[in-house]
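Work through the exercises below with the sequence and the 3D structure at hand. Each task is followed by a solution in steps.

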Amino acid sequence: VEKKETKSYAPRLHSLADLQAECNERFGYTMQETLNVAQSLYEKKLLSYPRTDSSYITTALARKFPSMLNPLLEIPDLKEEAEKVLNTPALMQKTARNKSYVNDKKVSDHYAIVPTDVVPDFNKLTQDEINVYDTVARRFLAIFLPPEIVNRTTIITDSNGLLFKTTGKVVVDPGYTRIYNRNTKDTILPNVQKGDVYSVKGVKLNADKTKPPARYTDKTLGNIME
């Protein structure tokens, strides 16, 4: 039995391609539909300029973290976490020094897509606009939250001289993923120790055939084009 603790940090901020990929996965939007909605939110001064290939923001913009986080208090799912960050200046200062998100050298013409300091009136937005704004808001808030910590476990079972390998994980701390309400597809393994003996309850051989690659989605096609 081998257990290894791993940490997974929040992903980079949205470039246009990243936003298009996530919105295609979450809502089924095409690349053009996501761009159109993001452009509308930009014109309403709720999001920064959408046509960007950068996933970083500048040091100057990071000084505005408090005012950029303030609109997130209007999103019920994010209000509690946003309040915690706003009440912890040291955390905002630490994030402002994190080169994974704030790096002047990685910003060319435009920085990553992030919320502005304008508080949205969701009653005046379309559902598509709410969806895209929510997607950007969650990615932005995630950079202030701790990493996801998991124990990745590998179990080697010896059954009459035949070795079987089982892999899975146990979430120790969901970290930033707690604002995404993700349903994990990972195998959760029992807490076994080296030398434990168990009875084999059954054996089954699964016959299968290879399948052709899945058809392109806007997400996978966009990644290839990028």
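**Exercise 1. The largest pocket**

Find how much space lies in the largest pocket of this predicted model, and which residues and elements line this pocket.

Solution. 
- Step 1. The space in the largest pocket comes to about 810 Å³.
- Step 2. Its lining consists of 25 residues, and those nearest the centre are Thr157, Asp158, Ser159, Tyr198 and Val200.
- Step 3. Two or more lining residues come from each of the elements β2 (148–159) and β3 (162–173).
- Step 4. β2 has the largest share of this lining, with 5 residues.

**Exercise 2. Helix α7**

Compare the span of helix α7 with the span expected at 1.5 Å a residue, then state how many of its residues are buried.

Solution. 
- Step 1. Helix α7 covers residues 127–142, which is 16 residues.
- Step 2. From first C-alpha to last, α7 reaches 22 Å, close to the expected 22 Å.
- Step 3. Of the 16 residues in α7, 13 are buried, and the helix is thus mostly covered.
- Step 4. α7 also returns from Exercise 2, as one of the elements giving at least two residues to the lining of the second largest pocket.

**Exercise 3. Asn131**

Decide whether Asn131 is buried or exposed, and find which side chain makes a polar contact with the side chain of Asn131.

Solution. 
- Step 1. Asn131 is located in helix α7.
- Step 2. The relative accessible area of Asn131 is 14%. The cut-off for buried is under 20%, so Asn131 counts as buried.
- Step 3. Setting aside neighbours within four places in sequence, Asn131 is in contact with Phe27 and Tyr29.
- Step 4. With Tyr29 there is a polar contact, side chain to side chain, at 2.9 Å.

Notes
Residues are numbered from 1 along each chain as its sequence is written. This is a predicted model: local features need pLDDT of at least 70, side-chain atom pairs count only at pLDDT 80 or more; totals for chains, interfaces and linings use all residues. Side-chain values use heavy atoms; hydrogens and water are left out. Helices (H or I, at least four residues) and strands (E, at least two) are DSSP runs, numbered from the N terminus. The expected span of a helix is 1.5 Å times one less than its number of residues. Buried means under 20% relative accessible area, exposed over 50%, partly exposed in between (1.4 Å probe, protein chains only). On a 1 Å grid over the protein atoms alone, a cavity is a set of points where a 1.4 Å probe fits but cannot get out, and a pocket is an open set with protein on both sides within 12 Å along at least five of seven lines; lining residues have an atom within 4 Å of a point. Grid points are joined across faces, edges and corners, and a volume is the space filled by probe spheres set on the points. A polar contact is a pair of N or O atoms within 3.5 Å; within protein, one must be able to donate a hydrogen and the other to accept it, and residues adjacent in sequence count only if both atoms are side-chain atoms. Contact means heavy atoms within 4.5 Å.
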